[in-house]
Amino acid sequence: MHLFRLISAALLMAAWGGACLAAQQPLPAPSFDVSGERELANAGFYALSWSWPQALQERRQGLQFEVQEADTPAFQSPRTVYSGEDLGTSFSGKEDGDFHYRLRIVSEDGDRSSPWSSIYLVEVRHHPLSRAFALLAVGAAVFLAAAGVILAGHYRQEVQPGHTR
């Protein structure tokens, strides 16, 4: 019985020590799932996505992502725009401008955090208003032409001699 207690105590201490050791290991930096360092958004809405680093695929419990946005790459006045376990977030209603993002992993209790990811830039440049009005004018012309063809065909059919309904 004494041997059983010693073995149980040793296993318990090994498990607790391993968990403490794992908790003290530094967290790897995450990265955005992108193909470059920047993105151009022409409509004011876009999405960012990311994934867990390979080293954390099996031990993610108690960890979450934090995404910050700033107007400059120096992040002098960052805003936290997302905090949670999801692998992406969406933005809409953005005005023209440059938006810089960075990402890190943090523990839910705030005791541990990974280094920040590389900075990702999203440039929002809406289509010019002149282009919108030009496309509206082209659409109106096509509509009026189609309506004219339909009305002309209907009129010809109505006035055709010998036409019966």
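1. The accessible surface of the protein chain comes to about 11600 Å². Carbon and sulfur atoms hold 59% of that surface. Areas come from the Shrake-Rupley method with a 1.4 Å probe, and for residues only the protein chains shown count as cover.

2. This is a predicted model: local features need pLDDT of at least 70, side-chain atom pairs count only at pLDDT 80 or more, and totals for chains, interfaces and linings use all residues. Residues are numbered from 1 along each chain as its sequence is written, and side-chain values use heavy atoms, leaving out hydrogens and water.

3. Over residues 14-22 the pLDDT is below 50. Beyond near neighbours in sequence, this stretch has two contacts in the model (heavy atoms within 4.5 Å).

4. The protein chain has two helices and eight strands. Its order along the sequence is α-β-β-β-β-β-β-β-β-α. Helices (H or I, at least four residues) and strands (E, at least two) are DSSP runs, numbered from the N terminus.

5. Of the 165 residues in the protein chain, 25% are buried (under 20% relative accessible area). Take contacts between residues at least 6 apart in sequence: 64% join residues at least 24 apart.

6. L136 lies in helix α2 (residues 129-159). L136 is exposed (over 50%), because its relative accessible area is 57%.

Methods
Buried means under 20% relative accessible area, exposed over 50%, partly exposed in between (1.4 Å probe, protein chains only). pLDDT is the predictor's confidence in each residue, from 0 to 100.
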